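Thanks for coming. Please keep the sequence and the structure in view while I talk.

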Amino acid sequence: MKPHLVFLLLLLPIFSFSQKNVDAKTISKQEAKEIKEIKKFQKELNEEYLNPKETPLRGDNFTHFKKHPFFPIDLKYRVRAKFVKTQNPVPFDFPTSSGKTKSYQEFGKATFELDGKSYTLTVYQSLDLMKMEKYKDHLFLPFRDATNSKETYGGGKYLDLKIPAGNSIILDFNQSYHPYCAYNAYDYNCPIVPEENKLPVEIRAGVMYQDIYHH
């Protein structure tokens, strides 16, 4: 082997180590906090599905469950959206997977940019949950994207939000999850993602889906 190649090969481990340190240093305190929140979400979701009192899983699906598969954490999919609250919202019946309906109202519109393009999603509020102290500030964002029926559930995913104080809202798709119906269509009826919340791009963030749950 030529001497200069040997020298370069000896330098590679040092360079790789240095590069990792540089990457680690480029993560700000805020980004580290955001990543910590996402990992907390993943941990709690796994714990919920492992808890026989809380899990939607039944039979072998529960017995064999270890943890959810997740897309790699990517803060590109944590976006600050412009939020416009809906004035004088009218309650409506939200269609669900069972054919029944649930009472919701439109709460507002969230507009954000991803890879230089603008998208708008409608955010909803459950009329039943808003009566409960624990969930009175809870908002619901169902959406679909180009990963559905591939890496994620065909029916789309959900994102839980809180009522924002101002005219912007954080959408962290790293914390998006599948409806219970994706895992157990017999015991649950879940809101169907409306057509207006279908994104034409891939949102490669949050929980992934496994074929073992298909019914």
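Predicted model: local features only at pLDDT ≥ 70, side-chain atom pairs only at ≥ 80, totals over all residues.

**Inside the chain**

The largest nonpolar core has 22 residues, and those that touch the most other members are Phe-112, Leu-161, Ile-169, Leu-171, Phe-173 and Ile-203. Strands contribute to this core as follows: at least two residues each come from strand 1 (78–85), strand 3 (101–114), strand 4 (117–126), strand 5 (138–143), strand 6 (157–162) and strand 7 (168–172). Strand 3 gives the largest share, four residues.

What is Ile-169 in contact with, leaving aside its neighbours within four places in sequence? The list is Val-79, Arg-80, Ala-81, Phe-83, Ala-110, Leu-139, Leu-161, Lys-162 and Pro-164. There is also a second, separate core, with 19 residues, including Phe-65, Cys-181, Tyr-183 and Tyr-209. As general background, nonpolar side chains tend to be buried together in soluble globular proteins.

Now the chain as a whole. How many helices and strands does the protein chain have? It has three helices and seven strands. Read from the N terminus on, the order is α-α-α-β-β-β-β-β-β-β. The chain has 215 residues, and 36% of them are buried. Take the contacts with a separation of 6 or more: 64% of them are between residues 24 or more positions apart.

The largest pocket holds about 1400 Å³ of space. Its lining is made of 38 residues, and Tyr-135, His-138, Leu-159, Asp-160 and Tyr-177 lie nearest the centre. Which elements give two or more residues to this lining? They are helix 2 (29–50), strand 3, strand 5, strand 6 and strand 7. Helix 2 gives the most, eight residues. By class, the lining of the largest pocket has 19 nonpolar, six polar and 13 charged residues.

The second largest pocket holds about 210 Å³. It is lined by 14 residues, and Ser-97, Tyr-153, Cys-181, Cys-190 and Ile-192 are the closest to its centre. Ten residues of this second lining are nonpolar, three are polar and one is charged.

His-138, one of the residues nearest the centre of the largest pocket, lies in strand 5. Is His-138 buried or exposed? His-138 counts as buried because its relative accessible area is 14%, and the cut-off for buried is under 20%. The side chain of His-138 makes a polar contact of 3.2 Å with the side chain of Asp-160. Not counting residues up to four places away in sequence, His-138 touches Gln-125, Leu-129, Asp-160 and Leu-161.

Leaving aside neighbours within four places in sequence, His-178 is in contact with Tyr-49, Thr-152, Tyr-153, Gly-156, Lys-157, Tyr-183, Val-207, Met-208 and Tyr-209. Two of these contacts come with distances between polar atoms. The side chains of His-178 and Tyr-183 are joined by a polar contact of 3.1 Å. A polar atom of the His-178 side chain also lies 3.2 Å from the backbone nitrogen of Tyr-153. Val-207 is 29 residues away from His-178 in sequence, yet their C-alpha atoms are 7.0 Å apart in space.

Last, two loop residues. Where is Asp-115 found? Asp-115 sits in the loop between strand 3 and strand 4. Asp-115 is exposed, because its relative accessible area is 61% and exposed means over 50%. Asp-115 is not a glycine, but has a positive phi of about 55°. In general, most residues other than glycine have a negative phi. Ser-149 is another non-glycine residue with a positive phi, about 70°. Ser-149 lies in the loop between strand 5 and strand 6 and is exposed, with a relative accessible area of 61%.

How values were computed. Residues numbered from 1 in each chain as written. Heavy atoms only, no water. Core = buried A, V, L, I, M, F, W, Y, C linked by side-chain atoms within 4.5 Å. Buried < 20%, exposed > 50% of the residue type's maximum accessible area, 1.4 Å probe, protein only. Contact = heavy atoms within 4.5 Å. 1 Å grid on protein atoms, 1.4 Å probe; cavity = no way out; pocket = protein on both sides within 12 Å on 5 of 7 lines; lining within 4 Å. Points joined across faces, edges and corners; volume = space filled by probe spheres on them. Nonpolar A, V, L, I, M, F, W, Y, C, P; charged D, E, K, R; others polar. Polar contact = N/O pair within 3.5 Å; in protein donor to acceptor, adjacent residues only side chain to side chain.
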